[in-house]
Amino acid sequence: MITRKDLDACASLAREAQHLQESLMRLESLAATGRIPGGMIGGDGAPLNDSTGEGAAALADLKTKMRYRITAYIEHASLVADAIEAIRDERVRSVMRLYYMDGMIWEDVARRMHYDTRQCQRYRNRGLQLLGIGGAQATCR
């Protein structure tokens, strides 16, 4: 049985993995040109200057962090995916998948589903009830 904490961790890890992937692509693109702009933030959260060595180190750190976070996501995602896929209502299942598995924010879920955000949140609350998770009326993030 999954918990609300499992669902929230999965969504958070999915969003973090997406952010790390975007940062990695940006750094790799800049590294290919041989310049990392001043003020850019590396994988450890520290600002970078334009030195190639620091850029390469930031790329390596970011790749390591990504591998670690992706492994954590996979561990949560397997458990969460099984629970979500057991939901019979396609709309509820889709909203749960987009929000918790894909890490989308409510506005993006609503746009994808062609609903308003409140309707998507109601479907999520229904999904939580179907999964037997307490606090289904919790605040929406």
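Author: The axes of helix α3 (residues 90-101) and helix α5 (residues 117-130) come within 8 Å and cross at roughly 100°. Axes here are lines fitted to C-alpha atoms, for helices over the stretch in contact, with angles from 0 to 180 degrees between N-to-C directions; helices are DSSP runs of H or I with at least four residues, numbered from the N terminus. α3 and α5 are therefore roughly perpendicular to each other (65 to 115 degrees). In the contact (heavy atoms within 4.5 Å), Arg-91, Val-92, Val-95, Met-96, Tyr-99 and Tyr-100 of α3 meet Cys-120, Tyr-123, Arg-124, Arg-126, Gly-127, Leu-128 and Leu-130 of α5. By class, the contact of α3 with α5 comprises nine nonpolar, one polar and three charged residues; Tyr and Cys count as nonpolar, Arg as charged and Gly as polar.

This is a predicted model, in which local features need pLDDT of at least 70 and side-chain atom pairs pLDDT 80 or more, while totals for chains, interfaces and linings use all residues. Residues are numbered from 1 along each chain as its sequence is written, and side-chain values use heavy atoms, without hydrogens or water.

Cys-120, one of the α5 residues in the contact, is buried at 0% relative accessibility (under 20%; exposed is over 50%, partly exposed in between, with a 1.4 Å probe and protein chains only). Cys-10 is likewise buried, at 0%. The count of disulfides is zero, a disulfide being a pair of cysteine sulfur atoms within 2.5 Å.

Thr-3 lies in the segment before α1 (4-33) and is partly exposed, with a relative accessible area of 38%. The C-alpha atoms of Thr-3 and Gly-132 are 8.7 Å apart, although 129 residues separate them along the chain.

Key:
Helix = DSSP H or I, 4+ residues; strand = E, 2+ residues; numbered from the N terminus. Parallel < 35°, antiparallel > 145°, perpendicular 65-115°, else oblique.
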